[in-house]
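This note sets out, point by point, what can be read from the model. Please consider the points in order, beginning with the terms on which they rest.

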Amino acid sequence: TPTPTPTPTPTPTYSATCGYRSSVTGYYYDFAPLLGNYETTGLGMDWLFTICSVLEYPCADMAVCQNLGNRGISCGSPYQMTWSEANGDITLKYDGGPTCGPSPRYTNIIFSCLPNADIPQIGTASQGSGCDYYIHINTSLACISTPTPTPT
């Protein structure tokens with residue numbers, strides 16, 4: 001079960017457009033308020049990851065890494081990020097990790113709508129069938145907000 005996570009480290013060193021415009025609804029999901037660095041656990045290790053930024057030591061110049069203390073293994077590059085949507089979720093994919101078997105490592109950060117989650121709820125890291133990794137985040141920022149009507 002995802003649990004609330006403290007405020008991220010507010011020292012991002014890289015920023016691309018931190019959001020996604022839905023090709024289905026036209027709605028723009030703005031994830032800029034989550035800009036920063038985060039930690040989670042999973043698969044028996046600590047993970048560091050960023051949202052629209054770049055990590056620092058021991059995971060310098062990475063977007064997602066398996067933190068091994070004095071070094072990190074990249075599971076995605078901040079310079080190879082793409083956005084997509086499926087099943088009501090928005091996914092930020094970081095490609096470009098080192099080769100792992102026949103293909104490079106990559107990580108999908110999956111944002112799911114949780115209307116009252118003003119503080120993101122970050123789940124543990126999990127692994128797909130190869131060197132593909134997944135981190136789920138429940139946040140109100142993944143919800144389509146309805147504008148408040150202006151009184152007449």
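1. Definition of burial. A residue counts as buried when its relative accessible area is under 20%, as exposed when it is over 50%, and as partly exposed in between, using a 1.4 Å probe and protein chains only. By this criterion, both Cys100 and Cys131 are buried.

2. Basis of the model. The model is predicted: local features need pLDDT of at least 70, side-chain atom pairs count only at pLDDT 80 or more, and totals for chains, interfaces and linings use all residues. Residues are numbered from 1 along each chain as its sequence is written, and side-chain values use heavy atoms, with hydrogens and water left out.

3. Overall architecture. The protein chain has 15 strands and zero helices. These elements are DSSP runs numbered from the N terminus, with helices being H or I of at least four residues and strands being E of at least two. Of the 152 residues in the protein chain, 43% are buried.

4. A contact means heavy atoms within 4.5 Å. Among contacts in the protein chain between residues at least 6 apart in sequence, 46% join residues at least 24 apart.

5. Disulfides in general. How many disulfides does a search of the whole structure find? The search finds four, where a disulfide is a pair of cysteine sulfur atoms within 2.5 Å. With bonded cysteines counted along the chain, the pattern is 1-2, 3-4, 5-7, 6-8.

6. Cys18 and Cys52. The sulfur atoms of this disulfide are 2.2 Å apart, and the link of Cys18 and Cys52 is right-handed, with 85° about the S-S bond. The pair links distant parts of the chain, 34 residues apart: Cys18 is in the loop between strand S1 (3–4) and strand S2 (19–21), and Cys52 is in the loop between strand S5 (45–51) and strand S6 (64–67). Cys18 is buried at a relative accessible area of 6%, and Cys52 is buried at 0%.

7. Cys100 and Cys131. In this disulfide the sulfur atoms lie 1.6 Å apart. Cys100 belongs to strand S10 (residues 99–100), while Cys131 is in the loop between strand S14 (126–127) and strand S15 (132–139); the pair links distant parts of the chain, 31 residues apart.

8. Cys113 and Cys143. These two cysteines form a disulfide with their sulfur atoms 1.9 Å apart. The torsion about the S-S bond is about 100°, so this disulfide is right-handed. Because Cys113 lies in strand S12 (residues 106–113) and Cys143 in the segment after S15, the pair ties together parts that are 30 residues apart in sequence. Cys113 is partly exposed, with a relative accessible area of 38%, whereas Cys143 is buried at 12%.

9. Cys75. Cys75 is buried, at 0% relative accessibility.

10. Gln66. Cys75 is also among the residues that Gln66 touches, when residues up to four places away in sequence are not counted; the others include Met45, Trp47, Arg105 and Tyr133. Gln66 lies in strand S6 and is buried at 6% relative accessibility.

11. The salt bridge. A search of the whole structure finds one salt bridge, defined as a side-chain nitrogen of Lys or Arg within 4 Å of a carboxyl oxygen of Asp or Glu. Side chains of opposite charge can pair when their charged atoms come close. Here the side chains of Asp95 and Lys93 meet at 3.6 Å, N to O. Asp95 is partly exposed at 24% relative accessibility, and Lys93 is partly exposed at 25%.

12. Ser77. Asp95 is one of the residues in contact with Ser77 when neighbours within four places in sequence are left aside; the others are Ala63, Tyr94 and Gly96. Ser77 lies in the loop between strand S7 (72–74) and strand S8 (81–86) and is buried, with a relative accessible area of 11%. Ser77 and Val54 are 23 residues apart in sequence and 8.4 Å apart in space, C-alpha to C-alpha.
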